[in-house]
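Hi there,

Here is the structure I promised to pass on to you. Have a look at it first, and then read on for what turned up in it.

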Amino acid sequence: MDWSKEMEDLYIKVTDQVPEAFRSSVKPMLREASEKTARLRNSGWVEKDDLLSALFEITPEAFQPTVVEDLAKLGIDTERYINLSNIRKEYARSWDEISGAFLPGVYHFTMYLTDRCNQKCIHCAAEVMEKREELTTDQWIHIIENVEQTLRERGRRGCYIWFGGEPTLRKDLKDLIKYCGEKGYYQAISTNGMLFDEELAKLCAEVKMSHVFISYDSTIAERAAKIRGVPKAKEYAEKAINLALKYGHFVICTATVQQENFEELETIQKELESIGVIPYFRAIIKQRTAEKNWKEIGLNYEEYRKFYEFKYENVVDAIRKGEASSLNKFYTYDMVPFMECPINDAERTALEWGVGCQACRSVSGIDINGDFFPCDYPSVITLGNVLEQNFDEVMESEMFKAIRDRKIKGKCSTCHHLDLCGGGCRVHAENETGDFLAPFPFCWHEDDHSHEK
């Protein structure tokens, strides 16, 4: 966790107000609490809000009036930070309704176990991949321990999402699931459902798997078959959904938004929510197979804007009504540009954990050979190899921090929405420009105005 000189100076000024007899114990407590609060925003930097709200979090109620007086001497209005501390505590508790794996600060890794797949999607990278040599079970366990122990030293945890290709084609998938279950690590699976049978659903329940992703791209059987390249794609997905629900799993159905299904987003949403499943829409990424078929399935500027409105209009309304539930938690989590303006701390707290690009913040990918992708989508750029390197070395690299801290170039660098937006999809920018930090090429926003804070 990084501290700017400005924050270090404020930290010293604040802790200098603490009576000398307590100062040596308060200083490390405040530093740790400030960093924990920053992690709730999936940030790598401690900001003023983190430091001062954390101060009230660690201060017993009987001593808070004294702290208020001390901060007043520094010209700090404390009422806001007392309220912010309470808002963040309350909001953190709301995550219990889903899974501890979604607590802000948990880092999600897409684990590319195999290039093999039993479907041929018109948008998926796996369809054009060479079938590369796969790592062994022990090598994947080494990677998991490398990543998990590094994160725990930083006060964080990982969530390992079994992915492919199609992860159920790996004969040792159940061994990896059992290993993480025995260790108490957060894990999930992302599957097309074809091989997600009763035995696997039961095992995932026994190890208390956090969640199950099931691909679901259309409510129309013929369209699902076209998108997924197999005749019974919709039937397979529905079978898997029913099995997952039977065993009490938290089920998220992922739909890749493209020309083929753009007209039925609301239909997909209603269909899935009616059976108790969370719909999770991700915009198609222009790479590999999708790039090959882009003229037929890709989104244009206007469609990205409509997708943005579909994802966020109802979400922000729900947040403003105080309905910060699983609805907004998953609808906000995307790489589409985010240009709403929170009007108070409660709204910002409900949004900031997951809007905009989350590469090197809370999502990344680990390729079939251990290469580390900044995003959960494959990218040309890799930041190291976590089979061969300590993950701490990757996290301390200049490029990791630049991506984490959203050092986006060009138009995005001066945009007043960058803090929450993150510059939109980095992988898409890389595919269009060759530069992972280039501005998002499909953003319609004009940075020719300001917003009242």
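**Aromatic pairs**

Phe163 counts as partly exposed, at a relative accessible area of 26% (buried is under 20%, exposed over 50% and partly exposed in between, with a 1.4 Å probe and protein chains only). A word on the source: this is a predicted model, in which local features need pLDDT of at least 70 and side-chain atom pairs count only at pLDDT 80 or more, while totals for chains, interfaces and linings use all residues. Residues are numbered from 1 along each chain as its sequence is written, and side-chain values use heavy atoms, with hydrogens and water left out.

The structure holds 21 aromatic pairs; rings of Phe, Tyr and Trp (its six-membered ring) pair if their centres lie within 6.5 Å, and planes under 30 degrees apart are stacked, over 60 edge-to-face and the rest tilted. One of them is Trp3 with Tyr11: the ring centres are 5.5 Å apart and the planes are at 65°, so this pair is edge-to-face. Trp3 is buried at 12% relative accessibility, and Tyr11 is buried at 6%. Tyr112 and Phe163 also make an edge-to-face pair, because their planes are at 85°, with 5.3 Å between the ring centres. That pair links distant parts of the chain, with Tyr112 in strand S1 and Phe163 in strand S2, 51 residues apart (helices, H or I of at least four residues, and strands, E of at least two, are DSSP runs numbered from the N terminus). Tyr112 is buried, at 8%.

Ring pairs also join Tyr107, Phe109, Tyr160, Tyr185, Phe372, Phe391 and Phe400 into a cluster.

The charged end of Arg31 is 4.3 Å from the ring centre of Trp3, and Arg157 lies over the face of Tyr186, at 4.0 Å from the ring centre.

**Sheet and core**

S1 (residues 106-112) and S7 (residues 363-366) run parallel and are joined by 4 bridges, with Phe109 opposite Ser364 in S7.

Phe109 turns up again in the largest nonpolar core: of its 108 residues, Phe109, Met111, Trp162 and Phe372 touch the most other members. Such a core is a set of buried Ala, Val, Leu, Ile, Met, Phe, Trp, Tyr and Cys residues joined through side-chain atoms within 4.5 Å. Helix H14 (residues 301-320) gives the largest share of this core, 7 residues. Another core, of 18 residues, lies apart from it and includes Leu30, Ala38, Ala54 and Leu71.

**Two more places to look**

In helix H20 (residues 426-433), Arg426, Val427, His428, Ala429 and Glu430 are buried. Their cover includes helix H13 (294-297) and H14. Gly434 follows H20 and has a positive phi, near 85°.

Glu57, in helix H3 (residues 48-58), is partly exposed at 35%. Leaving aside residues up to four places away in sequence, Glu57 touches Thr37, Ser85 and Lys89 (contact means heavy atoms within 4.5 Å).

Conventions:
Pairing = 2+ DSSP bridges. Lys NZ or Arg CZ within 6 Å of the ring centre and 35° of its normal.
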